[in-house]
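User: Hello! I am new to this structure and would like to get to know it by asking a few questions. Could you walk me through it?

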Amino acid sequence: MESYAVFLDIDNTLYCDGAVPAANVRALREARSRGHYIFLNTARSFGMIPNGLMENLPLDGAVAGIGTDLRLRGEQIFHHVMPVDELKAIARHFEGQGREVGFEGETTTLWMYPKDHRGPDRLTRADEFDTVWRGVKISKLYIRGQLTPQEHALFSEKYTVFQHARYAEFVTKGFDKATGMRRMAAHLHIPVERCIAMGDSANDADMLRAAGISVAMGDAIDEIKQMCDYVSCDARDGGVAQAIEKFLLMQ
């Protein structure tokens, strides 16, 4: 039997309401026992993956940070880091605005918060990338709320921007979940036709288009459901498990 590689979005796909449905865990374990590969493919940077997912689930690794950080069996096999001068320029733009901005990295996230907030890993000025946070490796940006049209135009010159209902995120152009999936599949010598991608939101679209089999959760946004080969049940009801059973376990 030929091996497939499964690439799973985390939030509201594999993981819902702070937990992974038990049916998903059972299906992942059975798929791996049959020689298939299971990966997270997430917009979250590696340092922002919920505690316990990598350690407690039957996974082969992760594609994190919208395709910028690839891990296979505990080894980092690829990592794109945003240049310091770009990080400083972005930080200068948001300095003093009182908006919540996250500079997401492989081990930590630096946060620009409203002035009255106190917490660890706080970034207050752009020049701290030369002092306090010298050498930190950042791969993507998170901004709570909506970008203005002017900001969207500004950041779109160098970055791929994803605007969601409650937040925006962006990553260096040339990276997305699809490029990360392709890079991992090539490393494993698995053709993209034997990649199964599952997701629910706009930043999953590139991965879903590129995969040989695309699966939307039943509670995904309409745009995602319309473009996929298969729509499973809702994520919290074990949509991942339903799709794995259909495409890998019933063969």
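User: Which strand gives the most residues to the lining of the largest pocket?

Analyst: This is a predicted model, in which local features need pLDDT of at least 70 and side-chain atom pairs count only at pLDDT 80 or more, while totals for chains, interfaces and linings use all residues. Residues are numbered from 1 along each chain as its sequence is written, and side-chain values use heavy atoms, with hydrogens and water left out. Strands S8 (138-144) and S10 (167-172) each bring at least two residues to the lining of the largest pocket (strands are DSSP runs of E with at least two residues, helices are runs of H or I with at least four, and both are numbered from the N terminus). The most, 3 residues, come from S8.

User: How much space lies in that largest pocket?

Analyst: A pocket is found on a 1 Å grid over the protein atoms alone, as an open set of points where a 1.4 Å probe fits, with protein on both sides within 12 Å along at least five of seven lines; lining residues have an atom within 4 Å of a point. Grid points are joined across faces, edges and corners, and the volume is the space filled by probe spheres set on the points. For the largest pocket this gives about 740 Å³.

User: Which lining residues are the closest to its centre?

Analyst: The lining divides into 10 nonpolar, 6 polar and 11 charged residues (Ala, Val, Leu, Ile, Met, Phe, Trp, Tyr, Cys and Pro count as nonpolar, Asp, Glu, Lys and Arg as charged, and the others, Gly among them, as polar). Of the 27 residues in the lining, the closest to the centre are Asp11, Asn12, His164, Arg166 and Tyr167.

User: In what order do the 8 strands of the open sheet run?

Analyst: Two strands pair if DSSP finds at least two bridges between them. S1 and S2 run parallel and are joined by 4 bridges, with Val6 and Ile38 as bridge partners. At the edges stand S5 (75-79) and S13 (230-231), each with a single partner strand, so one side of each has no neighbour in the sheet. The pairing is mixed, and the order is S5-S4-S3-S2-S1-S11-S12-S13.

User: Which residues of S1 are buried on its two sides?

Analyst: In a regular strand the side chains alternate between the two faces of the sheet. Both faces of S1 are covered. Buried on one side are Ala5 and Phe7, and on the other Val6 and Leu8.

User: What covers the buried residues of H8?

Analyst: In H8, 8 of the 11 residues are buried, including Ala243, Ile244 and Phe247. Leu248, also buried, touches Tyr4, Val6, Ala31, Arg34, His36 and Ile196, not counting residues up to four places away in sequence. The covering elements include S1, H1, S11, S12 and S13.

User: What is phi of Asp17 near?

Analyst: Most residues other than glycine have a negative phi, and most peptide bonds are trans. Asp17 lies in the loop between S1 and H1 and, at 64% relative accessibility, counts as exposed. Its phi is positive, near 50°.

Key
Contact means heavy atoms within 4.5 Å. Buried means under 20% relative accessible area, exposed over 50%, partly exposed in between (1.4 Å probe, protein chains only).
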